Amino acid sequence: MMRLELVKRPQRSALFSVLSPFIAFAMTMIAGAIMFALLGVNPFNAFNVYFIQPVSEVWQLHELAIKAAPLILIAVGLSVCYKANIWNIGAEGQFILGGIFGSIVPVLFPDFEGPLVLPLMLLLGMLGGALYAAIPALLKTRFSTNEILTSLMLVYVARLFLDWLVRGPWRDPQGHGFPQTIQFGDSAVLPELMPDAGRANWGFVFALVAAIAIWLMMSRMLKGFEVRVLGSSPRAGRFAGFGFNKMVFFTFLLSGALAGLAGISEVSGAIGQLQPVISPGYGFTAIIVAFLGRLNPLGIVAAGLVLALTYLGGEAVQTALGISDKMAQVFQGMLLFFVLGCDTLIQYRIRLVGFAAPKLEAAPKLEEAR
Amino acid sequence: MDITVNILLTIATAATPLLIAAIGELVVERSGVLNLGVEGMMIMGAVGGFGAGYLTGSPWIGLLAAIIVGALFSLLFAVMTLSLATNQVATGLSLTLLGLGLSGMIGTSFVGQPGGRLPNLDIPGLSSTPVVGKLIFGQDPVFYISIALTAAVMWFLFKTRTGLTLRSIGDSHSSAHALGIKVIRYRYLAVIFGGACAGLAGGHLSLVYTPQWVENMSAGRGWIALALVVFASWRPWRVLAGAYIFGAIWVGQLHVQAINLQDFVNAPWVIYQVIAFIKSFPSQLLSSLPYLATIVVLVLISRNKRLTMMNTPASLGQPFVPDR
Amino acid sequence: MSANHDRANLLEVRGLTKIFGTLTACDHIDLNIAKGEIHALLGENGAGKSTLVKMLFGSLEPNSGEIFWDGKAVRITSPGVAKKLGIGMVFQHFSLFEALTAAENIALSLNDGSPISTIAAKARALSYSYGLPLDPESLVGDLSVGERQRIEIIRCLLQTPQLIILDEPTSVLTPQEADKLFETLERLRAEGKSILYISHRLEEVKRICDRATVLRHGKVVGHCNPRQETAASLARMMVGNEVKAVVRAPAEGIETAPALLEIRGLTRKPATPFAIPLKNVNLSVRAGEVIGIAGVAGNGQGEFFEAVSGEVLQQDPGSVRIRGKDAGALSITGRRLMGAAFVPEERLGHGAAPRMKLSENLLLSRHATDGKSFVGSGGMVKNASVYSAAQRIIAAMDVRKSAPDPEAAALSGGNLQKFIVGRELDRKPSVMVVNQPTWGVDAGAAANIRQALIELARSGSAVLVISQDLDELFELSDAIAVMHNGELSAPLPIAEATFEKIGLLMGGAEPGHAEHTMETA
């Protein structure tokens, strides 16, 4: 019988701060290979189909960007929440509400056209996401209600609300009864970046801009310092004069607005109308992206691209090898597990101890006892 | 009368998985660990239970498999949070995400297959007693397990020395450690118990409630179970009450959606109007009632700060790494 | 080898060593404890006392060395093993469960299966027979610190140990409660039990201990009979050299100086189920003086500090006034901008964020007061100027560290406290409120911090010191008030204050009674 013992490092390990995501990725690959083998597929062949083929042509890179954009946008917002130790896990719902709010213009005022339409849609999308995120924030600050549970419950409500809209009041009367809104007019569609090369739209640019802006805020500005202090030691934060309730609103509104922006960008750019389902779980996958990027906005850009690839790869193995596209979700889940596990190495050394072995060897650790 | 009995029976069936999962999580949280992976463990139990039942042809083996799968899946969480001291919130979330994905993949070949249902208890003579017969003597076996489990957990937590030790760890793991209590070992056992319960709850879904495999069939019940624990301020009998309230909401909205207004044309005018009024709401609003109700009860219970603070296990969610 | 072991020794420790990283916390410690003696373990904070007793109680594993119990070599691998041998421990930071009753707490450390009610009855009987009355049914969270210590002691005694380890037991007691504890200890000695008594209070060691072992920097520097030593000679052994005495220059013209900090009728409801309410607290601190607030831990000092600092706001703006202006409705930032500075009790997690660098921890309390020099346009932090200011404080306070700008948690308690106090002194605040300025700090650093506080006051600031350490308060205060159960007594001028008077107030004697003794004195 063996057990693991953690030995605290005196300082965070700089080496493992860098290495940890790579180790996690390698371990996911190994676990994935075992899984493919169990499913009776040659792992090398599967990896080729899963990770290489989906990004071997330029238009495919555009598809990658389309999938990565919402993940990155949502995840940078969530990273601020999680750094502050505030747990918004309802980004999926805020994404949907962003999509709905932004669609008000093209659906209800289809005759309104011109250059103002898109900016208005994007602003409304952010507003919708932020307002929806304000609900758990309000409940948390007013009644100290657990934000994890409330923000999550609101995801189910948002999905049903969208379902009702596209089957009821917003359904396209000429749509042969299909549950969807009218196709958006030209001025309500997010333009593609390089129409000749692929479908990627401005959503990806928004994602990059948001990542850089949030990175600047978190690393250089007093606001970012405030987030980090309140997240790592709330009492020290209060001593510093930073208000926790204000921070709850700030992080929820910020992450909600970014999720809302992702939502309307997706609806306006990639889909072009509202449908009963507008997200393959971006709001949840973004949680994985945020952690895989170690809650660092620049890391999140890389992580978002990796996870977008798991979506494309999941579709690819389904068509090419007949494996369930749920494979994508499994890869994402495993990756997050390994990332969390490897992050332990930053703060601790791990040693294996047999129960019977004498334990008188040197055990360096931080002096904590007085 | 028959309608009332039938409604009560369906409420019990809807409440049972919530109750079992919440009782399991209650024990986990009483030990100071927050496992947000209930939804994931539940869905794994559902697919594992259905699969084993389908392959062996025995729903009983299915039920056993559901428990084992839930427990094994929770072990993953235990290793991460207890041995590697990872963030419990993030790890629990990833357990749920992984469970939803893995169950979908495992269950691909089960979709649309007919499954066996666990038979209801049928005691000749007693089960046919008017009114109470079916309610008390004619339900599915998991119902009886859920009630026995609640009573057993109550007894264990508040009447046994081991239960006291478990609660003490939830209150202060560092004090417990200083007294020589094996904090990590207790927590491992608690987490695995919670996983087994969530697995059993999932097995109930796919072997009793709707005896078939449907992707994401847990439909947020794991999260509602988590909310129930908070709502119950970590007391078993309140979990029981909460589970039945939610069972009633769940069943109520389904019944209303299924009702045909035409059947009530001859009913008294008032009843007809009330039903017509309820039916005038979109079905999506009715479907969202359990989730909205969860938010409402969470708000109501959190408003009583003293109650919440007195009962919340003080070390809930805190990672524990002993000095060595 | 075993022939060397004196049968009369209950416990013998040979060459016990514990290494943490690069630090040798205990370096080849030798210690003998005879049957029926009270043995003192003396040493400064950080000398290795706690580490040593944790090894004796099985909470920490030694790297090398031997332990003999009753002449036989033993390995104490867990607290359970220690208890089985007959070692009991009363912790300095209690190992109690607030949400459980006293009886449940006791039951948890006993390994028999007897029902709680039986244990409660036994505990009650034992507590009365030792003069430490205890209600086994009460929730620990509702009890005072002194009562909690009783639970620890009763819990320990119920295990009928041969050796009882007490870690700084009097730090949470009034002088009168301490006297009662000493009687209990003497009775236990008369019953033939051995006691290992850990303290840095020399007078009480001289009073009750038969022998003493002195630790310094993890090494044994001497064994002695404390009754034959003076407090000064013991202090020299502990510290290694003479500790510079704190000089308190006479305060002049205080009576006419303006009150810079005024507390008027401050009342606060308990914020949590176990918090202490503040009841009509009144106090004023004038420019140039140091006022001390004594009291047993957990009598509302924390709540008072939060209210004065502005971490919690008051309904009545006039209940806290800084430099003549109402500040009760202002946040801690607002109060800092009026010239006040605060040092809380907990260093890690309150006064400093543990996993942040010292420079970031400087920003923590000064991002607003030094807004212009530390924060630029658009909310950008000027890292270079924050860093150089941090280095200035590190140099001024002689903070010892292993890296140019280490994380707060990487510093020893004393060095971090020097930085935290220095961070506020660097601003030259006109009002300074400090909670437990030298808790867990070594003697040299403590003297420096106390001297700096006195000098700040004499340069024209108002200084308010909350402390559980009476020696400290007598060393630096011009007057001492006592907080008990959320009420504050009138300050007693230092010339009239004695340990006994203050001790009575700490124990809850009516303030009127104290005023009466003041008049007759």
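How many residues does the contact take from chain B and from chain A?

## Basis of the model

This is a predicted model, in which local features need pLDDT of at least 70, side-chain atom pairs count only at pLDDT 80 or more, and totals for chains, interfaces and linings use all residues. Residues are numbered from 1 along each chain as its sequence is written, while chains are lettered from A and ligands numbered from 1 in the order in which they are written.

## Contact between chains A and B

Chain B contributes 41 residues and chain A 46 residues; two residues are in contact if their C-beta atoms, placed from the backbone, lie within 7 Å. On the side of chain B that touches chain A, at least two residues each come from α3 (59–83), α4 (88–107), α10 (221–231), α13 (283–287) and α14 (289–303). Helices (H or I, at least four residues) and strands (E, at least two) are DSSP runs, numbered from the N terminus. The most is given by α4(B), with 12 residues.

## Sheet in chain C

In chain C, 4 strands form an open antiparallel sheet in the order β2-β1-β4-β5; strands pair if DSSP finds at least two bridges between them. β2 (23–34) and β5 (72–74) of chain C are at the edges with a single partner strand each, so one side of each has no neighbour in the sheet.

Strands β1 (residues 9–20) and β4 (residues 64–69) of chain C run antiparallel and are joined by 5 bridges. L11(C) has W69(C) in β4(C) as its bridge partner.

## Confidence

The complex has an ipTM of 0.87 and a pTM of 0.89 from the predictor. For chain C the average pLDDT (the predictor's confidence in each residue, from 0 to 100) is 88, and 96% of the residues score at least 70.
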